[in-house]
Amino acid sequence: MANEEDDPVVQEIDVYLAKSLAEKLYLFQYPVRPASMTYDDIPHLSAKIKPKQQKVELEMAIDTLNPNYCRSKGEQIALNVDGACADESSTYSSKLMDKQTFCSSQSTSNTARYAAALYRQGELHLTPLHGILQLRPSFSYLDKADAKHREREAANEAGDSSQDEAEEDVKQITVRFSRPESEQARQRRVQSYEFLQKKHAEEPWVHLHYYGLRDSRSEHERQYLLCQGSGGVENTELVKSPSEYLMMLMPPSPEEEKDKPVAPSNVLSMAQLRTLPLADQIKILMKNVKVMPFANLMSLLGPSIDSVAVLRGIQKVAMLVQGNWVVKSDILYPKDSSSPHSGVPAEVLCRGRDFVMWKFTQSRWVVRKEVAAVTKLCTEDVKDFLEHMAVVRVNKGWEFILPSDGDFIKKHPDVVQRQHMLWTGIQAKLEKVYNLVKEGLPKKPDGQSGPAALLSGDQRVQAAKSKAQQNHALLERELQRRKEQMRAAAVLPGVRIKEEPMSEGEDEEDQDAEEDEEPMDTSLGGGLHDRLANGLPSGRAAGGDSFNGHPLPGCASTPVARELRAFVEATFQRQFVLTLSELKRLFNLHLASLPPGHTLFSGISDRMLQDTVLAAGCKQILVPFPPQTAASPDEQKVFALWESGDMSDQHRQVLLEIFSKNYRVRRNMIQSRLTQECGEDLSKQEVDKVLKDCCVSYGGMWYLKGTVQS
């Protein structure tokens, strides 16, 4: 008691378990370094990993200008490794040992005891570590130097002997066939050390991109170290009832476990279900039921469960279809599985089932033959998809199994908006894979005629209604034009306006001109079939002078243009060089952080975004990509901040001019050009800064950010 009084409790800290990076977080232990130097200050040239073996290799630059660096020794090592002739395949292209390789080894196989902690605003957030790797210097270049030396000696010996030897005689070759390998011999061979080493060597390297401590991607990923549900309800591992805590301290003995009756593996009682974490409960329920309204899910989980935590959990395992939750395809068809009917891999099955789910987001009816024609899957697989979420109606098709849940849609508009953005991304992927057009059917080759599309009666009625609405809009526009002409003639009686009938071709040209500026896809995927402008069809978004009730952001004085200009300027002040694809990705992340109804949700097109970038003081860099590049058109559009107002503007402009004529450049060329343009007093720190701002290094060459294709 006296010790407790002398050591009072000073502060109580809430502890949260963050699991967003639980399967991805690694701890790298580097060699000893000076306390004043961080590994973020050392340029990371390249990084690669073998995920199955948890093996990592990093290449880091060596400061060759350091007074402690022995230049003669570095030149000798580079000469021993690469020889006198340096080419693209050389280890040290600068003829100097200017980089060092670090290889990893597992320090411990059991990482269950270790976690990364982040203390933020009086809360401690823990993330379990997936692996702990120790990085040690690799001396493989010494092996390469020895191999070069042996090759030179063998070549010299072969050259001397070839002068004295005559042409070899023809020799007889005996061909032998090996006996069939027995099962025991095969098992011994598989378990041998040589076989395991060969399997490890066959695993391909996966190249990684290193992002510094202050990079925007690092800042975005660092947010996942914080628990997303800090309310405490979601972290059921840290909130246990007294009985559950007692069970963890004193688990039942193996004899008691054996006495319990064994139930089938696919049967789980509600009492057993409620002993599991909330995320597992939701996953098991959705995997078994497949389609469920949110109200039914809450009733099964119990009245004490917070609905906010359930909403977070359900979005990880299900998608919203007509206000109801349908289990995700990858939950039913996990990776490395296949169809029991046709043997099709899980990836193809998930894609086909996602197409069926997306069709039900568009209509309550789906035709099975249409799904089979698009997905090219067998009848049994398509029938399984439809039986998960629909019921068959005679002479009509398959109808969604549950009525639309309008109450959930009204109560949770933010969830509906987020799910709509996810469906937009899925739709873009389906559009690319299945080569879809507006009606969701595959395109036909030019000049090829085929049977009429399979459309239900409701779809034909909807098509007729939409066509009538389009014709009505055209008539209304023509009437409005005539009224304006009559009003102008009344104001100016001395002026006669020649009225010419608007031909059908002119009307179509006007309509095409209005639809030419499509809204940019501000979601996870590409364009939509029916040209959605951030959630509304183009018939409503492009039919007037506004997007969703807001003025068109074509004028710089509009709120939309000001918000977009502020985003672009802030982004390029941090990044300096961005491709259009990366800029759109950052813009989507920015939209996801905005509250519903924000002015930027009014529809931003690609052209509008590019015009704003050019108006913000940036320039497009015409990088000469190689003919065989795999970069998409958006990845080939590179924009850079030309003037930021700091001392590095001149250096950056010289660098950008270099890359307007070269796709990749060596550092010595950049150094010489900067010295030529900016003077001899250019320091190494200034060169490193402009390279870090605008470029990335890969394989000993420098590329503009976003242009390198690994």
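How many salt bridges does the count come to by the rule used here? The count comes to 17, a salt bridge being a side-chain nitrogen of Lys or Arg within 4 Å of a carboxyl oxygen of Asp or Glu. The points below take up several of these pairs after the basis of the model and its overall make-up.

1. Basis of the model. This is a predicted model, in which local features need pLDDT of at least 70 and side-chain atom pairs count only at pLDDT 80 or more, while totals for chains, interfaces and linings use all residues. Residues are numbered from 1 along each chain as its sequence is written, and side-chain values use heavy atoms, with hydrogens and water left out.

2. Overall make-up. The secondary structure comes to 28 helices and 22 strands, where helices (H or I, at least four residues) and strands (E, at least two) are DSSP runs numbered from the N terminus. Of the 710 residues of the protein, 33% count as buried; buried means under 20% relative accessible area, exposed means over 50%, and partly exposed lies in between (1.4 Å probe, protein chains only). The accessible surface comes to about 45000 Å², and 53% of this belongs to carbon and sulfur atoms, with areas taken from the Shrake-Rupley method with a 1.4 Å probe and, for residues, only the protein chains shown counting as cover. Among contacts with a separation of 6 or more, 66% are accounted for by residues 24 or more positions apart, a contact meaning heavy atoms within 4.5 Å.

3. The sheet of E13, E15 and E14. These 3 strands form an open sheet in the order E13-E15-E14, with antiparallel pairing. Strands E13 and E14 stand at the edges, each with a single partner strand, so one side of each is left without a neighbour in the sheet. Strand E14 (residues 390-393) pairs with strand E15 (residues 397-400) in the antiparallel sense over 4 bridges, two strands being taken as paired if DSSP finds at least two bridges between them. Within this pairing, alanine 390 stands opposite phenylalanine 400 in E15. The two strands E14 and E15 form a hairpin with 3 residues between them, and asparagine 395 in the turn has a positive phi of about 60°.

4. The side chains of glutamate 399 and arginine 364 meet in a salt bridge at 3.5 Å, N to O. Glutamate 399 lies in strand E15, whereas arginine 364 lies in the loop between helix H14 (346-362) and strand E13 (365-366), so the pair ties together parts that are 35 residues apart in sequence. Glutamate 399 is buried, with a relative accessible area of 16%, while arginine 364 is partly exposed at 26%.

5. Salt bridges involving helices. Glutamate 582 forms a salt bridge with arginine 585, the closest N and O atoms being 2.6 Å apart; the two residues are 3 apart in helix H23 (residues 580-592) and are therefore separated by about one helical turn. Both members are partly exposed, glutamate 582 with a relative accessible area of 24% and arginine 585 with 26%. A further salt bridge joins aspartate 688 to arginine 667, with 2.7 Å between the closest N and O atoms. Aspartate 688 lies in helix H28 (residues 684-694) and arginine 667 in helix H27 (residues 667-678), so this pair ties together parts that are 21 residues apart in sequence. Aspartate 688 counts as partly exposed at 24% relative accessibility, and arginine 667 likewise counts as partly exposed at 26%. Salt bridges that share partners also join Arg364, Arg393 and Glu399 into one network.

6. A search of the whole structure finds 0 disulfides, a disulfide being a pair of cysteine sulfur atoms within 2.5 Å. Cysteine 695 is in no disulfide, and the nearest cysteine sulfur, that of cysteine 694, is 5.7 Å away. Cysteine 695 counts as buried at 5% relative accessibility, and cysteine 350 counts as buried at 12%. Serine 697, found in strand E21 (residues 695-698), is buried with a relative accessible area of 14%; leaving aside residues up to four places away in sequence, serine 697 touches Leu45 and Trp702.

7. A nonpolar surface patch. Tyr245, Leu246, Met248, Leu249 and Met250 make a nonpolar surface patch of about 580 Å². Patches are made of residues with over 30% relative accessible area and no salt bridge, with like charges joined within 9 Å and nonpolar side chains (Val, Leu, Ile, Met, Phe, Trp, Tyr) within 5 Å. Leucine 249 has its place in helix H7 (residues 242-249) and is exposed, with a relative accessible area of 55%.
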